[in-house]
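Biologist: Before I use the labels attached to this model, I would like to hear what each one rests on. Could we start with handedness?

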Amino acid sequence: MSEQKIDGFELKPGFKGMASDTGSDQTMFKGVHWGKAMMWIFLLSDTFVFSCFLISYMKGRGSTLVDWPNTSEVFSLHVGSVPVPLLLIAIMTFVLITSSGTMALAVKYGYEKNRKMCGWLILATAVGGLTFVGMQVFEWSKLIHEGVRPWGNPFGASQFGSFFFMITGFHGFHVSIGVIFLFIYTYKVFAGHYESKKRGWFTKMKGDYVEIEILGLYWHFVDLVWVFIFAFFYLW
Amino acid sequence: MDETNKMSETAKKEEQTSTQKIGIYLWIWLLLFVLSFFSYMVDWYQFQGMLRWSLILFFMFLKAGLIMAFFMHLFWERYALVNVLLWPMTAIACFIFLMTAEFKYTVFSRLFYFVVGGA
């Protein structure tokens, strides 16, 4: 690691490297594409948004005197006549992890300039995301049909509905935006925009496969948030 | 000599992140599936109390860590970026601590004034 150089600046490893990178009076994030750094900063701010939602949920659930709805019953699905707890949520989790894996591979093949493989994997990711959103629509309509509203529900504490719709809704919105961009980048990869160095929109940046990694960061973040929602909202 | 040296440095910069072997992604992928299955099993077997909460948190942090470290490449990033991203999480931990105290106080107030009926 220590022999690696960027613009004549020697990259030291570990915390020494952090100190010299930060105090180098040049770019702070050595070897990190600016788009990638900006995506990370955005994701950091998004982390705070989701944290605020989950913390307000903790506060709401912790301070109510009425029993919280039993999530494994509320979110159960009937297979035949047997209720299976959290079945749909489990499938949604597996779909999202699958799409996260295909995205990770797409980034890898992108850097290897394997255009076809990268394109197909991004398309697979987009289809996975679309499936997830579809199942969420089903989940919402089922709960709304059963009488869950932001101001009350037949299962228990009335705060349940507002937290459920706010948190899963905001996450679903992120997934939907991600799916739109995944389809756009599927087109861009298959059309060879990164081979012809075609410029993107809103930017003078020449097209490069690093954009796929930036897209991947966003998509993995969506999966990351779901890990926390799954743990705190559905399992807790 | 000087010119070629500069060329190779530029080439290194252009190269961006070196690609990892496919095996590591497939292992992490498999591990995420297994961990998700385990955390689903926590609900399936209806573990309760401290066991349930500690298992949920354990699987959650492990999954989150794997996604961030390997899928989001933080394991291979330089400390300057990693530390900028991870230290702000302590602010969230503080917020959780504060709001825990807050909801306990709210529950106390509700019990005291609405259930017990005040002093």
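Modeller: A crossing of two helices is left-handed if the near helix is turned anticlockwise from the far one by less than a right angle, and right-handed if clockwise. Keep in mind that this is a predicted model. By that rule the crossing of H2(B) and H3(B) is left-handed.

Biologist: Which residues make the contact in that pair?

Modeller: On the side of H2(B) they include B:Ile24, B:Ile28, B:Leu31 and B:Leu35. On the side of H3(B), B:Leu55, B:Ile56, B:Phe59 and B:Leu62 are among them. By class, the contact has 14 nonpolar, two polar and two charged residues.

Biologist: What makes H2(B) roughly antiparallel to H3(B)?

Modeller: Helix H2 (residues 22–44) and helix H3 (residues 49–71) of chain B pack at an angle of about 165°, and their axes are 10 Å apart. Angles over 145 degrees count as roughly antiparallel, so H2(B) is given that label relative to H3(B).

Biologist: Why is the pair H2(A) and H7(A) called roughly parallel?

Modeller: In chain A, helix H2 (residues 34–63) and helix H7 (residues 210–235) pack at an angle of about 15°, with axes 10 Å apart. The cut-off for roughly parallel is an angle under 35 degrees, and therefore H2(A) is roughly parallel to H7(A). The crossing of H2(A) and H7(A) is right-handed.

Biologist: What classes of residue divide up the contact of H2(A) with H7(A)?

Modeller: There are 15 nonpolar, one polar and four charged residues in that contact. H2(A) brings residues such as A:Met39, A:Trp40, A:Leu43 and A:Phe50, which meet a set in H7(A) including A:Ile214, A:Leu217, A:Phe221 and A:Phe228.

Biologist: How do you know whether A:Gly216 is buried or exposed?

Modeller: A:Gly216 lies in helix H7 of chain A. A residue is buried if 20 or more other C-beta atoms, placed from the backbone, lie within 10 Å of its own. A:Gly216 has 27 such neighbours, so A:Gly216 counts as buried. Setting aside neighbours within four places in sequence, A:Gly216 is in contact with A:Met103, A:Ala104, A:Ala106 and A:Val107. The C-alpha atom of A:Phe163, a residue 53 places away along the chain, is 28 Å from that of A:Gly216.

Biologist: How many residues of chain A are there, and what share is buried?

Modeller: Chain A has 236 residues, of which 38% are buried. The secondary structure of chain A comes to seven helices and four strands, in the order β-β-α-α-α-β-β-α-α-α-α from the N terminus. Of the contacts in chain A between residues at least 6 apart in sequence, 66% join residues at least 24 apart.

Biologist: What makes up the side of chain B that touches chain A?

Modeller: Residues count as in contact if their C-beta atoms lie within 7 Å. On that basis 42 residues of chain B are in contact with 50 residues of chain A. The largest share of the chain B side, 11 residues, comes from H2(B). By class, this side divides into 27 nonpolar, eight polar and seven charged residues.

Technical notes. Residues are numbered from 1 along each chain as its sequence is written. Chains are lettered from A and ligands numbered from 1 in the order in which they are written. This is a predicted model: local features need pLDDT of at least 70, side-chain atom pairs count only at pLDDT 80 or more; totals for chains, interfaces and linings use all residues. Axes are lines fitted to C-alpha atoms, for helices over the stretch in contact, and angles run from 0 to 180 degrees between N-to-C directions. Helices (H or I, at least four residues) and strands (E, at least two) are DSSP runs, numbered from the N terminus. Angles under 35 degrees count as roughly parallel, over 145 as roughly antiparallel, 65 to 115 as roughly perpendicular and the rest as oblique. Two residues are in contact if their C-beta atoms, placed from the backbone, lie within 7 Å. Ala, Val, Leu, Ile, Met, Phe, Trp, Tyr, Cys and Pro count as nonpolar, Asp, Glu, Lys and Arg as charged, and the others, Gly among them, as polar. A residue is buried if 20 or more other C-beta atoms lie within 10 Å of its own, exposed if 12 or fewer, and partly exposed in between; C-beta atoms are placed from the backbone.
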